[in-house]
Amino acid sequence: MAEIQLLQVEKKFGEVHAVKPMDLTVHDGEFVVLLGPSGCGKTTTLRMISGLETTTSGTILLNGRDVTWAHPSERDIAFVFQFFALYSHMTARQNIAFPLQAQGESKETVNQRVAEVSRLLQIEHILDARPGALSGGDQQRVALARALVRRPAAFLMDEPLGALDADFRETMRAEIKRLHIDNQATTVYVTHDQIEAMAMGDRIVVMSAAAVQQVGTPTEIYHDPASLFVARFIGSPGMNLVTGRYHGGQVHLPDCGAYTVPPQWIAPLNTAFGDDGDVILGFRPEAAQVTPQGALSATVYASDLHGSYTMLHLELCDQTIVHVRSSRQSSHPIGTAVQFDLDPAMVRFFDPATEAAIVPEVRA
Amino acid sequence: MFGLDIPLPEFWIAYFSLFWLLVGATATPVIFRHRGYSRLLGILIGAVIGLVCAVLFVVLLAALKPLADLLDRPLLGTLLSMVISAAVILVLLVRARRLVPEARYDTAGTRPATGGPHTPVTYSARVDQVDPNRQAWQAIRASVVVMLAALTLTPVVWMSMTAFKSYPDAVASPPKVAFDPTMEGIITLLTRRRQMTDEQKAVYAQNEDLNWADRVMLKSGQAILGQSDYVKRLRNSLIIASTSTVLSVTLGLLSAYAFSRFRIPGKGDLLFFILSTRMLPPVVVTIPIFLMYRQLGLYDTHAGLILLYTAFNLSFSVWLLKGFIDEIPKEYEEAALVDGYTRLQAFIRIVMPEAMTGIAATTVFCFIFAWNEYAFALMLTADKARTAPPHIPSMIGTGLVEWAAIAAGSLFFLIPVVIVTFALRKYLLRGVTFGAIRQG
Ligand SMILES: Nc1ncnc2c1ncn2[C@@H]1O[C@H](COP(=O)(O)OP(=O)(O)O)[C@@H](O)[C@H]1O
Ligand SMILES: [Mg+2]
């Protein structure tokens, strides 16, 4: 098994940065998800790890061995491509056996391993079909089998579920996760779907504009976003972000009253802004609660029923819309004025100038 | 042999009768099947209708003859009356279609929706594709194509026949369709012979060790001396065409791959340069090349022609193959690379099989060009490396023209192209790969 280390790895296409210098350690057996919007350099990062793309600068270590300039075939890494890249002139079985043949395995070993892996992925019945005749899900399974059969040191998967239907994606997601749990193989998984990332990753690397925004467990990424980008990108809808003015232990929202900052945040905010400064107040939809005693006022802009809960869209006085989860029973007609309050443990603050989160000095 | 201007020649009557028979026998069953009858009934009735049409055509043509004669251009008159007759018959056929009644059904359940095909459609098809009118029309079009193909093949068939005719049969007028096949022409083509006097013949016939070829030629009083030049020419053709084809496809494949996959400085200019070698007619350079070849000692050598044909085909093969390789996603090779293969292995095991369609098409085109090439072969060879194309016309020397031998020569010349095309037809027809790549 393997540990992958990226040290200041960077990729430029001409003058354009596809990946700005990044550091990342993927521990042995870990499932790391690279998450970010399209074009942020996820695929490029993965291709650099596999050796399909050269690095502009930086070092890539595999188990401590410098493989920056090693041929792709010398890295013992399996790559699952976004569009599967199954060979159309071979049957599924030949596709799966193909990597083993490179290693010069004997016929019996090849047959046995192919049989094993196809039993694992339940594709025994389609082994003699050509990829063109298979459904997207089966093609995906064959592509996974082709990666698994070699028992590589690490797996790289580039949006492997991107080409599948929504409900089938859930099944395959569970299957991949399950495979990882069974095999404990180091995996780097690329996706632009934050739900997928949250569901699958041991750790998530959020990328945007060619740079790493934050590395952390799904919980950290969700609750303690390091920047405004992460706060907006993670969650559906993302974190509510309201601009206000910090002054005297309170955040004054334009015309909508003031929010009293929880005591543990006073010190960090003072360090950041002194006694007066613009601040962005962030809170997740489930951190807000509509109560008559609430300190903040808003009007109901819209409300959607989501089955188990209702999502209220509230309009603040400066016309920002915030999203608030409320219980299924409560009904708030559009246009009514409501008061809401925030869970003090779940509010976060951002500096509008740097877009970074304000970090509490001592974490409880 | 035949001309449109001959009034109602037998060939054309036979030809068009066959055409109408084909139309009747293919279009009618479609209508009958859609109305709920068995296919066999449709074919039988269709054949009868076809016969009627054929007769009608001949009658109409004869009836229109006085009209056609009014025009003082006989060819135009005949063509016009054929078009009119064909149109009349087609209109009648289209009308007659309505006369076919719907078949009765025993069970109510099998009755399909009005207008739909009679049998349930259990294969993938657009609605308009199962329309009986369209299918019948398709059958008529197919008949036209088949008959045109037959027409194009007629000279080839005739040539094959001539190759097996004796000299009197070959020059007989009117031409003979039924004849005694003989190997005379082929043997004449492949051997050098000596004409014998009657005495010599008598002595020669006593020989014990005559093989069947000797005996065949004995009938016309000739003794076989040895192999003719044609065998050498054909061998030269084979060597030169196949070597240059292999070379141009191999080189073309490698450079097309490089152009498709690698960063090459001035790629566009290079590609254009390669293409530009096609832009001037080859004849223009025959004289300079002739002079060059004489200086270089390439005149009348196999290497000379191979080099030339390879150079000519290379531009074509690079461009054609580049298109096919561009179609193969680069992820295919990358997958092989991460799976532990070298680039060369990935090229051989992935790119080449995936590009097989293109390779086959290129091979056929290159081979046909090199095989047929006449002008350069005539200019740049004398004897040692002379190929078949310039040789065949030279067989029409002074004196008696051996038509059978010439036909046999052309027939043999045809065979390799047919073999190559047939061997590769699977790939030629396969067209676009059933790619597993999904573009999202
Ligand atoms: N071969 C290439 N040449 C030039 N630019 C490229 C190349 N590959 C990717 N890029 C650019 O690099 C950036 C990152 O691409 P990519 O890694 O594919 O993003 P992602 O996978 O996150 O969608 C994009 O802006 C893309 O246009
Ligand atoms: Mg990508």
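This is a predicted model: local features need pLDDT of at least 70, side-chain atom pairs count only at pLDDT 80 or more; totals for chains, interfaces and linings use all residues.
The interface was examined first. The contact draws 28 residues from chain A and 24 residues from chain B. The size of an interface is often expressed as the accessible area lost when the parts come together. For chain A and chain B, about 2300 Å² is buried between the two, with 59% of this area on carbon and sulfur atoms. Polar contact across the interface of chain B and chain A was found for 11 residue pairs, both residues of each pair being at pLDDT 80 or more. On the side of chain B that touches chain A, helices α13 (330-338) and α14 (343-354) of chain B each contribute at least two residues. The largest share of this side comes from α13(B), which provides 8 residues. Sorted by class, the side of chain B that touches chain A comprises 11 nonpolar, 6 polar and 7 charged residues.

Charged pairs were considered next. Side chains of opposite charge can pair when their charged atoms come close. Between chain B and chain A, 2 salt bridges were counted. One salt bridge joins the side chains of A:Arg150 and B:Asp339, with an N to O distance of 3.7 Å. Over all chains, the search of the whole structure gave 23 salt bridges.

Several of these pairs lie within chain A. The side chains of A:Arg203 and A:Glu30 form a salt bridge with an N to O distance of 2.5 Å. This pair connects distant parts of the chain, 173 residues apart: A:Arg203 belongs to strand β9 (residues 203-208) of chain A, while A:Glu30 is located in the loop between β2 (16-26) and β3 (31-35) of chain A. A:Arg203 has a relative accessible area of 18% and is therefore classed as buried, the cut-off being under 20%. A:Glu30 likewise counts as buried, because its relative accessibility is 10%.

In a further salt bridge, A:Glu159 is paired with A:Lys42, and the closest N and O atoms are 4.0 Å apart. Distant parts of the chain are again linked, here 117 residues apart, with A:Glu159 in the loop between β7 (154-158) and α5 (166-183) of chain A and A:Lys42 in helix α1 (residues 42-50) of chain A. Both A:Glu159 and A:Lys42 are buried.

A salt bridge is also found between the side chains of A:Arg348 and A:Asp224, at 2.7 Å from N to O. Because A:Arg348 lies in strand β20 (residues 347-350) of chain A and A:Asp224 in the loop between α7 (218-223) and α8 (228-233) of chain A, this pair ties together parts that are 124 residues apart in sequence. A:Arg348 is buried at 11% relative accessibility, whereas A:Asp224, at 25%, counts as partly exposed.

Cysteine residues were treated separately. The search of the whole structure returned 0 disulfides over all chains. A:Cys40 counts as buried, with a relative accessibility of 2%. B:Cys53 is also buried, its relative accessible area being 5%.

Definitions and conventions. Residues are numbered from 1 along each chain as its sequence is written. Chains are lettered from A and ligands numbered from 1 in the order in which they are written. Side-chain values use heavy atoms; hydrogens and water are left out. Contact means heavy atoms within 4.5 Å. Buried area is the accessible area (1.4 Å probe) that two parts lose on being put together, summed over both. A polar contact is a pair of N or O atoms within 3.5 Å; within protein, one must be able to donate a hydrogen and the other to accept it, and residues adjacent in sequence count only if both atoms are side-chain atoms. Helices (H or I, at least four residues) and strands (E, at least two) are DSSP runs, numbered from the N terminus. Ala, Val, Leu, Ile, Met, Phe, Trp, Tyr, Cys and Pro count as nonpolar, Asp, Glu, Lys and Arg as charged, and the others, Gly among them, as polar. Buried means under 20% relative accessible area, exposed over 50%, partly exposed in between (1.4 Å probe, protein chains only). A disulfide is a pair of cysteine sulfur atoms within 2.5 Å.
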